[in-house]
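Please look at the model first.

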Amino acid sequence: MSDSSPVRPAVPVLDVWCELQCADCRDALDDIRTLRARYGDRLEVRLRHFPLEKHKHAFAAAQAAEEAAEQGKAWEYVEAVLGRVEELDRAGEPLLVEVAGELGLDAEEFDTALIDGRHILIVDADQAEGKAIGVTGTPTYVVGGERLDGGKSQEGLRERIEEIVDRLLAENA
């Protein structure tokens with residue numbers, strides 16, 4: 001028996017290569033919020049991890065973000081941690097657990113996840129993929145096969161992303 005129902009085209013994907021101890025990523029949040037609000041479920045916005053060596057808590061923060069995703073509050077957690085970049089620099093991993101508790105997540109499970117390293121492979125895979133496609137800093141965006149680097153300036157990036165997404169949506173219509 002064949003299924004003749006129309007196949008709905010996949011929605012465009014915006015990969016956001018981010019680091020949770022990065023002030024530039026914090027500054028990019030407004031653009032990401034705007035894109036998520038404008039497109040809703042017509043655009044999949046995916047957080048991709050690219051912790052930089054210069055930030056000693058970035059790798060742990062990426063693992064914590066994965067634990068937040070597992071507990072159902074990925075973006076809320078990412079936004080909360082990015083909103084406290086300077087504090088993360090000073091306080092380190094205890095802040096990651098504290099933020100989880102503030103968001104009603106299982107903070108004890110966060111602590112355990114950071115100790116047992118259950119999300120390391122996801123973070124490592126994201127970082128390796130980022131390096132393979134030429135990501136060198138954060139934030140970096142990939143949409144429609146085009147890489148847009150936002151580390152130096154967000155100026156005009158949201159508009160460029162919107163142009164690409166609008167084109168992809170029109171092609172899929």
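Buried means under 20% relative accessible area, exposed means over 50%, and partly exposed lies in between (1.4 Å probe, protein chains only). This is a predicted model: local features need pLDDT of at least 70, side-chain atom pairs count only at pLDDT 80 or more, and totals for chains, interfaces and linings use all residues. Residues are numbered from 1 along each chain as its sequence is written, and side-chain values use heavy atoms, with hydrogens and water left out.

**Salt bridges**
- A salt bridge is a side-chain nitrogen of Lys or Arg within 4 Å of a carboxyl oxygen of Asp or Glu.
- The count by this rule is 23 salt bridges.
- Arg46 and Asp15 pair at 2.7 Å, N to O. Arg46 sits in strand β2 (residues 44-49) and Asp15 in strand β1 (residues 13-18), so the pair ties together parts 31 residues apart in sequence.
- Arg46 is partly exposed at 33%; Asp15 is buried at 8%.
- Glu86 bridges to Arg26, with the closest N and O atoms 2.9 Å apart. Arg26 is partly exposed, at 24% relative accessibility.
- Glu129 and Arg48 form a salt bridge at 2.6 Å between the closest N and O atoms.
- A network of salt bridges links Asp31, Arg38, Arg158, Glu159, Glu162 and Asp166.

**Thr140**
- Thr140 belongs to strand β3 (residues 140-143); strands are DSSP runs (E, at least two residues), numbered from the N terminus.
- Thr140 is buried, with a relative accessible area of 1%.
- Contact means heavy atoms within 4.5 Å. Beyond four places in sequence, residues that Thr140 touches include Asp15, Trp17 and Leu148.

How values were computed. Helices (H or I, at least four residues) and strands (E, at least two) are DSSP runs, numbered from the N terminus.
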